[in-house]
Amino acid sequence: TADTSSGFRLYYNEGISLARSLHDKPGEIRMLCAAGDHFAGRTKPDSAVLYYVKGLQLARTSGLQQELISSLWKAAKTYEDNSHFDRALPLYQEALKESRKRNDSKEIMISLENLGAFFFYQNKDSAAVDCFNQQLHLVEQLGDSLEISQCLNNIGLVYSKEGKYLKCIE
C-alpha cells in the first residue's frame, strides 16, 4: 500500500541520512541500494532505479569501485526486468569494464554471467555464449567445480534453445 511504501521510504531515508552524517559513503551507498532492493521487490521500478542511480552517482564521485559495480548490477537488472533493455545493457557493460579494472576475478565472473544472461534473454545467443565461455575460462583457472558446472549449464541452455543438442555435450 501507499502507506507502507511511505513508511519504508522514511525508514531508508533516515538510514541514508545517518550514514551521510557519519561520512560513511559505503554505508550510504548500501542503504541506497537496500532501498532500491525494497522497491524493486515491490514492483516499484521507478523508485528502485532512483535509489540505485543515487548510489551509482555517489560511488562514482567517491571512487568506490566495489559499490559502483554492485549498484550497476542492481540498476541494470531492474531496467532489464522492466523491459528497458536499452538502459540495462550499458550498465551491465560498465560493470564488466569496472570489474576488469579492479582485476577482481569474482566480480568479472558475475559481470560476465549477468551480461551473458542478458544476451540469452535477448536472443543474442552468440554474444551469450561468448560471455559464458569467458566466464568458464576464468572459473577453470580458479578450479571452482561448482562455478564450472554453472557455466557449462548456461552454455548448454543456449545451445539447447538453438536446437544444437550435440553442441551441448561437447
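Against which helices do the buried residues of helix 5 pack? In this predicted model, the buried residues of helix 5 pack against helix 3, helix 4 (65-81) and helix 6 (105-121).

**Helix 5 and its surroundings**

Helix 5 covers residues 85-102, a run of 18 residues. From its first C-alpha to its last, the helix reaches 26 Å, close to the 26 Å expected at 1.5 Å a residue. The buried positions of helix 5 are Ala88, Leu89, Leu91, Tyr92, Glu94, Ala95, Leu96, Glu98 and Ser99. Just after helix 5, Asn103 adopts a positive phi of about 55°.

**Aromatic residues**

The count of aromatic pairs comes to six. One of them joins Phe39 and Tyr51: the ring centres lie 5.8 Å apart and the planes meet at 5°, so the pair is stacked, the limit for stacking being under 30 degrees. This pair links distant parts of the chain, with Phe39 in helix 2 (residues 25-40) and Tyr51 in helix 3 (residues 45-62), twelve residues apart. Phe39 and Tyr51 are both buried.

Elsewhere, a single aromatic cluster is formed by Phe85, Tyr92, Phe118 and Phe119.

**Ser47 in helix 3**

Ser47 lies in helix 3. Leaving aside neighbours within four places in sequence, Ser47 is in contact with Arg9 and Phe39. Phe39 is therefore both a contact of Ser47 and the stacking partner of Tyr51.

**Cysteines and burial**

A search of the whole structure finds zero disulfides.

Relative accessibility values for two cysteines and for Ser47 are set out below; each residue counts as buried because its value is under 20%.

| Residue | Relative accessibility | Class |
|---|---|---|
| Cys33 | 6% | buried |
| Cys151 | 0% | buried |
| Ser47 | 14% | buried |

Conventions: Residues numbered from 1 in each chain as written. Predicted model: local features only at pLDDT ≥ 70, side-chain atom pairs only at ≥ 80, totals over all residues. Heavy atoms only, no water. Disulfide = S-S within 2.5 Å. Buried < 20%, exposed > 50% of the residue type's maximum accessible area, 1.4 Å probe, protein only. Phe/Tyr/Trp six-rings, centres within 6.5 Å; stacked < 30°, edge-to-face > 60°. Helix = DSSP H or I, 4+ residues; strand = E, 2+ residues; numbered from the N terminus. Expected span 1.5 Å × (residues − 1). Contact = heavy atoms within 4.5 Å.
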